[in-house]
Amino acid sequence: ANSRLSTIRDAFPDSADSSCAQVATHNASNISDPAGTALIADVIARRSALIINDREAIPALTRKVWPEASRLVIVPIVRRNEVVALAAAEGRGQDYTDEDGRLLHMVADLILTVVERERARASAAKEMSDHRRTFWSIVEAMSKLTEIRDPYTAGHQRAVGELCAAI
């Protein structure tokens, strides 16, 4: 089955959730699909799976992305009580069930958790690098302050540091 995790941004006007938006990865800005928009808004508002086992009921936007889709399951991914993504799967030879919706939700939630952890790790690494840079800037400033105060020992701290690094 084909599947895609799509981020959502801004607001669906018909949704009770202000965090909802058009499905960004589908490049759908030129497709008018009020029925599809209403279906997605309903998925977001209800925070539950949408299962479509009738090809004719699949929204035009989805048919544009997956022209061969005959069945579809879409689930919202929620973080801190806000819908942050939609996961969709299609291509199964038999009808989707509620269990398929639960499984897709678990897989998509796991993927999003991994992405969030990687982003947090990268952010922490950047922050640590920034702190390290700040620390050494402070050490250098204190060293220069000491040199200004006592010109006789100017350069001594730097020479000692270089000697320590060489050892």
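Arg79 is found in strand E3, which spans residues 72–79; strands here are DSSP runs (E) of at least two residues and helices are runs (H or I) of at least four, both numbered from the N terminus. The model is predicted, so local features require pLDDT of at least 70 and side-chain atom pairs count only at pLDDT 80 or more, whereas totals for chains, interfaces and linings use all residues. Residues are numbered from 1 along each chain as its sequence is written, and side-chain values use heavy atoms, with hydrogens and water left out.

With a relative accessible area of 12%, Arg79 is buried (buried, under 20% relative accessible area; exposed, over 50%; partly exposed, in between; 1.4 Å probe, protein chains only). The side chains of Arg79 and Asp109 are joined by a polar contact of 2.4 Å. A polar contact is a pair of N or O atoms within 3.5 Å; within protein, one must be able to donate a hydrogen and the other to accept it, and residues adjacent in sequence count only if both atoms are side-chain atoms. Not counting residues up to four places away in sequence, Arg79 touches Val84, Asp109, Leu112, Thr113 and Glu116 (contact, heavy atoms within 4.5 Å).

The largest nonpolar core has 14 residues, of which Trp66, Leu72, Ile74 and Leu86 touch the most other members. Helix H1 (34–46), strand E2 (50–52), E3 and strand E4 (82–90) each give two or more residues to this core. A second, separate core of 10 residues includes Val75, Ala87, Leu104 and Ala108. A nonpolar core is a set of buried Ala, Val, Leu, Ile, Met, Phe, Trp, Tyr and Cys residues joined through side-chain atoms within 4.5 Å.

The buried residues of H1 are Gly36, Ile40, Ala41, Val43 and Ile44. Seen down the axis of H1, these residues fall within an arc of 155° and so line one face of the helix, the arc being that of the directions from the helix axis to the C-beta atoms. Their cover includes E2, E3 and E4, while Pro34 and Ala35, on the other side of H1, are exposed. H1 is followed by Arg47, which has a positive phi near 60°.

Asn53 lies in the loop between E2 and helix H2 (60–65) and is partly exposed, at 28% relative accessibility. The side chain of Asn53 reaches the backbone nitrogen of Tyr96 at 2.7 Å. Beyond its neighbours within four places in sequence, Asn53 is in contact with Ser70, Arg71, Asp95 and Tyr96.
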